[in-house]
Amino acid sequence: MVECNYHFLDTNIVLALILPNDGSKSESAKYFTKSSHEKYFSNTAFKEAKNVINNWRRVSLKIIDCIKNYLTQNLINSQNVNTHFRKIKELFLKRYHDDDFPENMKKENFENVITIFFNDYASEIKQILIDDKVSELDAFSKDIRDAFKQLHNDLISFLDNLICISFVEENTKLKELIAIGIHKPDNVLINEAFVLSSFLNQIVGFVTFDNGILNYHKEIIKLFSSKIHVLSPIDI
Amino acid sequence: MLEPVDVTSKTMDDLVKFLFFELKENNEPISETQMQKLIFKIKMELGENHELYEELPYYWYIHGPFSEVVRDSFNDIKNNFCELRAYNKVILKKQHDDFKDTELVDNFSEIVKISLAIIHNQNLFDNIVKHVYDRYAPYKVMIPFKFEIYQTANDNRFSQNFDVDEYVDIFYKCESQLPSDKYFVNFSEIYSQLCINLDLINDKGIFDENWRFLRNLIKELWTTFAKGLRVKSKDNYYNYEIDVWDQKFEDNLRILSQFVDKTEILTNYNTQSNNNYTSSQKKILNTTIGSYLRG
């Protein structure tokens, strides 16, 4: 493996580290502990990280609002709760049926998380539906707001550990990246890593958990004449 | 470029004349805003299948349903036959019997019935703006967004005049009701960033001293939303405007985003360890963002 002394971090590396008890966190934490490479993070990645946090807060609050509306219009008891629970999930997903990028996310990924949400909270939601307790939904909303606010604060605080830089928009290889299957915002971040590489006159490692980028390692090396290498923190 | 559908302004002129006649009978002055909403209400009562529905063309905008055809007809009558009675409200100087005897009234008696029912219902007439929002707004978020978020920013020079904690709560409430329509997704991202920034500015205790900047930004937030709204919620008559309106919405989003970025400077971030998360908070973050990162 080529040694890169300069690392450009993808959004998911930082989010995985600051997320409490996340499955990827140990890998991300190990990377930050053992790697002494110079680490760069861009304003674009920072904005993307904030968008991920904001978008999931908004979606979570929308789900609660959807449940609340449903609850005010339907009589639910322990006999029919499973049917109503399933209908709420279907109703929520139906809002996005003609959208390939719901809430600016890949559809498959978005729908997968919504399914996990309804699975993880199945018993709590069903109990609220049976008890007809809107006040518990309000408390849930408040908890969501506080959790995401804390995460937002932790993101900002963590940036002190990185070299955070702002790039003038350069469209050097954006179209070529799209051509090999890497779309916005990933192509913008990889392009920024290349601008950094040119500025430092060094090989830069683009560190990411995203298999959608890691799988294109060879194509990216070729496109950037070996100036950019895509690395997984697990392999560092 | 799409051409406007063939709509004669005569229908609207006749309706405005008839309404001015009946309002004079009741000694009731009217503003343009009220007239806009009154005719919109008549249109909605006539229903989509009525042959006049398309001849009363509207789009939703900053202050609710708006029709350029109503504005033109209203101004013609106002400038030639009316006197100012109260702030922004006008009434016919003298009664004009010919305003009542129009082709429209002769051919569509239901218009007379619907119009009189609204004008004679004082409570409905006085609250017609709020009524059309409550009853017909294309998205339910528009009601708290317009009447609580926008109105508070528009009406208050000082934030000491209202409960800021409650105001931030309403921001989150509206966030939970933002349209899921993909046309508004970039607006939603900007909205959400402003929402968290306002919460943090409030936590820092500097909401009051920055209110003059924030209130203009919040008014711009609603105006930008309205620019997108008119693209999505309009009658076919206005199809010829759609490219220009769409571009104006995009332009406004860009400017709004830059303004929201400026609020970042006002936010104060306190370093706190992850130990401060409760177990329920850890769960929600891992269910959503954690699952999202795992793909």
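Predicted model: local features only at pLDDT ≥ 70, side-chain atom pairs only at ≥ 80, totals over all residues.
Helix 9 of chain B passes helix 10 of chain B in a left-handed crossing.

How are two packed helices described? By the angle between their axes and the distance between the axes. Take the distance and angle here. The axes of helix 9 and helix 10 of chain B come within 10 Å and cross at roughly 160°. Angles over 145 degrees count as roughly antiparallel. Helix 9 of chain B and helix 10 of chain B are therefore roughly antiparallel to each other.

Which residues meet there? Helix 9 of chain B brings Val164(B), Asp165(B), Val168(B), Phe171(B), Tyr172(B) and Glu175(B). Helix 10 of chain B answers with Tyr191(B), Ser192(B), Cys195(B), Leu198(B), Asp199(B) and Asn202(B). By class, the residues of this contact divide into seven nonpolar, two polar and three charged.

Now step back to the whole of chain B. It has 13 helices and four strands. Its C-alpha trace spans about 75 × 40 × 30 Å along the principal axes. Of the 295 residues in chain B, 35% are buried. Look next at how chain B's contacts run along the sequence. Take the contacts between residues at least 6 apart in sequence: 75% of them join residues at least 24 apart.

Chain B also meets chain A. In this meeting, 37 residues of chain B are in contact with 49 residues of chain A. Which elements of chain B give two or more residues to its side? They are helix 9 (164–175), helix 10 (185–204) and helix 13 (279–294). By class, the side of chain B that touches chain A has eleven nonpolar, 19 polar and seven charged residues.

In soluble globular proteins, nonpolar side chains tend to be buried together. The largest nonpolar core in this model has 118 residues. Those with the most contacts inside it are Val14(A), Leu15(A), Ile190(A), Ala193(A), Phe206(A) and Ile289(B). Helix 3 (residues 43–73) of chain A gives the most to this core, with ten residues.

Zoom in on one of these core residues, Val14(A). What does Val14(A) touch, not counting residues up to four places away in sequence? The list is Leu9(A), Phe41(A), Ala49(A), Leu155(A) and Phe158(A).

Key: Residues numbered from 1 in each chain as written. Chains lettered and ligands numbered in written order. Core = buried A, V, L, I, M, F, W, Y, C linked by C-beta atoms within 7 Å. Buried ≥ 20, exposed ≤ 12 C-beta atoms within 10 Å, placed from the backbone. Contact = placed C-beta atoms within 7 Å. Nonpolar A, V, L, I, M, F, W, Y, C, P; charged D, E, K, R; others polar. Axes fitted to C-alpha atoms, helices over the stretch in contact; angles between N-to-C directions. Parallel < 35°, antiparallel > 145°, perpendicular 65-115°, else oblique. Left-handed = near helix turned anticlockwise from the far one by under 90°.
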